[in-house]
Amino acid sequence: MSQDFATNEATLTAAFVQQFHDTYDLAAQQNESRLVAAVESRGDVEGASFTINDMAAVEMEKTTSRFQDTKWSLPEVGTRIAFMEDFDLHIPIEPRDLYKLKAEPQNAYIKQMISANNRCKDRIVYRALIDAVMRKTENNATPAPVSLPASQIILDGGANITKAKLTKAKALFRKNECDEKNGEQLFIAYNADMLETILNDTTLTSADFLKVEMLQDGAVATNWLGFTWIPYEALDLDTDVYTTVAWCKSAAHFGTGIAGNSVDIGKRRDKNNTIQISLSSAYGGGRANEQKVVGVKFKV
């Protein structure tokens, strides 16, 4: 019996199977915390806030006569207050969806939550470096905000990031005796716009370009101009002006609330036994010294 292949050649294809993906490709994102290791850790904090004590420098005075009256020098001492903030993230899973899925979402959800928590830590550190901090100099005084002074901020000047701005920042740390000569570790945050500008800056020497290779790899351990460069894409953007920051490790303190900071998985009886994955955390940060932080603005 003859077959009409023109009509029936595709009959079997209706039974073709499809290979379903059994995992999830997660969105591109910052997964690890990059800034927390670059400031002072206060460890676990019990309470709604923690304090940071600072003390001004004193200088020797020349003795002008024998048996002269004692001259006392009292350095100014201040106490700064870093407030703890609470954070939560909850993701529901309908249990009746699970048997319908080839890929199980739980592990992917947990990875996403941990990544979000790590980015939250870095936002706290960034804000601690550039925002005002509450400070008082007397026990019964009312704390007042202390902002990063204008002398510690390099304005954009209508220009992108330049080598002149970077060397100016480095010079400020030297002027304030806050560089590696005083045992400080210097860091600077950079984003993709800074990377592109620096790599295309023809004023840089060939030796500089060799050092800038570390920016392409995001190699935190590599120094250039005395800074350890840390990739961070969440810099403040005001219209078309970014604000990056350079700092000493001792410039800010970071604390972690002792409650939470762990993933919890459980059933919600009030939501028809929906599985809920939760992560709660608490973090706080504050600047310890204005001379150890330099804000750098640049136009894009």
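Predicted model: local features only at pLDDT ≥ 70, side-chain atom pairs only at ≥ 80, totals over all residues.
A pocket here is an open set of points on a 1 Å grid over the protein atoms alone, where a 1.4 Å probe fits, with protein on both sides within 12 Å along at least five of seven lines; lining residues have an atom within 4 Å of a point. Its volume is the space filled by probe spheres set on the points, which are joined across faces, edges and corners.

At least two residues each come from strand E3 (77-93), helix H3 (106-130), strand E4 (133-136) and strand E14 (274-287); helices (H or I, at least four residues) and strands (E, at least two) are DSSP runs, numbered from the N terminus.

Next comes the second largest pocket, at about 220 Å³. Among the residues lining it are Asp 54, Glu 76, Arg 80, Arg 135 and Glu 290.

E14 pairs with strand E13 (residues 262-268) in the antiparallel sense over 7 bridges; pairing requires at least two bridges found by DSSP. Val 263 has Leu 279 in E14 as its bridge partner. Between the two strands of the hairpin sit 5 residues, and Asn 272 in the turn has a positive phi of about 60°.

A note on conventions: residues are numbered from 1 along each chain as its sequence is written. Local features need pLDDT of at least 70 and side-chain atom pairs count only at pLDDT 80 or more, while totals for chains, interfaces and linings use all residues, and side-chain values use heavy atoms, leaving out hydrogens and water.
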